[in-house]
Amino acid sequence: MVGVPDWQRSAQAPASRPAPVGRPLLSLTLAAMLDDVHAHSGAVYLLASGEPVLEMAVMAGLPRAFAAPWERVGLSASIPVAEAVRERRLIWVSGEEEMARRYPRIAVVLPYPFALAALPVATENTAYGAVFVTWPGSHPPELSDRERDHLTAACDRLALRLERAAEQHRPIHPEPDLLAPASEATVPGTLGTMEAARMVARLPYGLCAMDLNGRVSFANAATAELLGIPVSGLLGTQLWASVPWLNDPVYEDRYRAALISQQVTSFVALRPPGEWLSFRLYPSTSGLSVRISRARAVSEMTRAEPRQGDDTTPRLVTISHVLSLASALTEAAGVQDVVQLVADEIAPAVGSQALVILGTRAGRLHVLGHRGYPDAHVVERFDGLPLSAHTPGAQALNSGVPAFFDSRQHLEHLYPARSATPDGMAAWAYLPLIASGHPVGTCVLAYAQPHIFPADERAVLTSLGGLIAQALERALLYDAKLQLAHGLQAALLPHSLPSLSSIEAAARYLPATRGMEIGGDFYDLVSSHGRAVAVIGDVQGHNVTAAGLMGQLRTAVRAYTTVGQAPEEVMRSTNRLLIDLGTDLFASCLYLRLDPAREVAVMARAGHPPPLLRRPDGKVRVLDLAGGPLLGIDASATYPTTEVPFVPGSVLALYTDGLIESPGVDIEEALANLGRRLAETGDQPLDELADSLVQHGETETPERLDDVALLLLRARARD
């Protein structure tokens, strides 16, 4: 199984001979797990056959609707269960603040105080799925050793049972979700229960009981009077469904908040025409008790009246989906980020197995990205089709109207030409991507099996198309700016280094991974009056202004060098120029002139990180040079020089601070690590050495907050 992804291993598990499993394996395991660690809800996910997707198999403690946006989760999604499978470890989220920081997509939909643990269900060789469990917000901030051990052991046992079931060709059949049984208070037959009902009926305020799904299981007469609905009209219904003026997602949100956090919540609502009522919700693991009374200080209420009789108010579960997916799309920077997020987040959520994002340019469709198609040529043949072509993608884009095809027969009936270009799919949704009033592309969601699109699903997909369109418009603009930035950066840095007889040279430049990825780091190598001169510097900032100023400084240094100025004079002249330009930016700089005849390097420094010198014996030394302040601060500043031996076989490493600085890393330790790396690999060819040093920096800090420049010089033996 080496080299085969876990989801493919799951797909390869044979299940051709159905034989029912005797007991509900998943639900019993989950129930025991919740009981062992006193958690109040949880779910088991299994890897989908043939897809890198986790599918919720069973949920306990809360209605499945609470986790509807995550019933299908891509393995690469930034979701705790997916991360647990990817990293094969327990993921712990202590509360709502940590959830908002690490998993903002979940926090947007469930902004309530609760703790969560997610664990992989995996053997040593194969992942089968994942489990999450939750506790109310009152749980301690750390998971106890007992809880950790119980959860880990339970997941390990479940993985072994799933492995055994796969080996014996026993499929895991669907199992019902587990909700708490009805409260004993709703079961008549005892004197105490009857007397309790009489007592509640005499209370002057409303009192009703709701199960975990929000359905009313008991209501007293005061409840019916306050709500204006008879008790018979409330029983078995959800308040926000049976009471028109409570048909608002905000009120349903309070019910969800109470159940998830297991904390008392409340809200006020306006019963038309002008009576404010107070609702207070008391949760338990079996449901809710709701106290209803007339609200005080109604003059201070500023909440707008909900619309009456509006049956089109969207359900909160649908809003949860949209909020989660919208949050995901805000993280997309470039076009390929949008394509990947649609593949990871939207396609699994709506049950799609493949997708294509089409853009438009010069009157033609262009494939911006696709996922899920085994043969890429099937998709790429649509690249370059004119917008006037009679194809569903062009038609959706031109008309702005989405198109849904529940079967291949349906599609080919309207577009006969598609019969000549089969893509292996059986149903399609073509969503026009309209942003800022103009079309930016089409999103095609494809399904492996015939798929009926009911009205509510079409509405959700159409809404998602609008979100994708906005993200794609931003991404196209970002990519255009990024291309411009890279072009500017390439124009300002040397295209190649000159070939000099006395030294060998290699250089690398890496842009920052944030912002426009353009910065002020620069380097140069020139030959002047028979000597090699090298310079490296860093202008403050990561924008076009910094890059433009960097180009001016590099040109100035080259000019002052060409006229024969000494190193200290070059630095003074460049400093005065920067001040005369009137910019608010500063720059660090390191300038050196190599003298092969004397086997020395003469250096001047302006606030720049110290260079490293590797001697022929492999020992590395940090050159703590004398120097002056940053360029652009003091017009009268001086920059003393230092002579350093530079014998044949020696290597000088000049770099900018982006190579050694990163959040949470001590700069002295980072510099020592760079020195050790140079000592160990300094005998490599210079280009390989340069790659090794910058790649080591990327391994230490994958996200670069600053750009990086590196210039390596090796002294050659004289003929």
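Tutor: Ala362 sits in the loop between β12 (354-361) and β13 (364-371); helices (H or I, at least four residues) and strands (E, at least two) are DSSP runs, numbered from the N terminus. This is a predicted model, in which local features need pLDDT of at least 70 and side-chain atom pairs count only at pLDDT 80 or more, while totals for chains, interfaces and linings use all residues. Residues are numbered from 1 along each chain as its sequence is written, and side-chain values use heavy atoms, with hydrogens and water left out.

The phi of Ala362 is near 55 degrees, a positive value in a residue that is not glycine. Ala362 is also exposed, with a relative accessible area of 77%; exposed means over 50%, buried under 20%, and partly exposed in between, for a 1.4 Å probe and protein chains only.

His38 is another non-glycine residue with positive phi, here about 60 degrees. Its place is the loop between α2 (25-37) and β1 (41-47), and His38 is exposed at a relative accessible area of 61%. The backbone also has a cis peptide bond, between Pro272 and Pro273, with omega about 10 degrees. Pro273 belongs to the loop between β9 (265-271) and β10 (275-284).

Next, the charged side chains. Side chains of opposite charge can pair when their charged atoms come close. A salt bridge is counted when a side-chain nitrogen of Lys or Arg lies within 4 Å of a carboxyl oxygen of Asp or Glu, and the count by this rule is 24.

One of these bridges pairs Glu55 with Arg72, with 2.4 Å between the closest N and O atoms. It links distant parts of the chain, since Glu55 is in strand β2 (residues 53-60) and Arg72 in strand β3 (residues 72-74), 17 residues apart. Glu55 is partly exposed at 31% relative accessible area, whereas Arg72 is buried at 15%.

Asp177 and Arg64 form another salt bridge, at 3.0 Å from N to O. This pair also connects distant parts of the chain: Asp177 lies in the loop between α6 (145-167) and α7 (191-201), Arg64 in the loop between β2 and β3, and they are 113 residues apart. Asp177 is partly exposed, at 29% relative accessible area, and Arg64 is partly exposed at 22%.

A further bridge joins Asp691 to Arg508, with the closest N and O atoms 2.7 Å apart. Asp691 counts as partly exposed, at 29% relative accessibility. Salt bridges also link Arg531, Asp595, Arg598 and Glu643 in a network.

Last, the cysteines. A disulfide is a covalent bond between the sulfur atoms of two cysteines. With a cut-off of 2.5 Å for a pair of cysteine sulfur atoms, the structure holds zero disulfides. Cys443 is buried, at a relative accessible area of 0%, and Cys589 is buried as well, at 2%.
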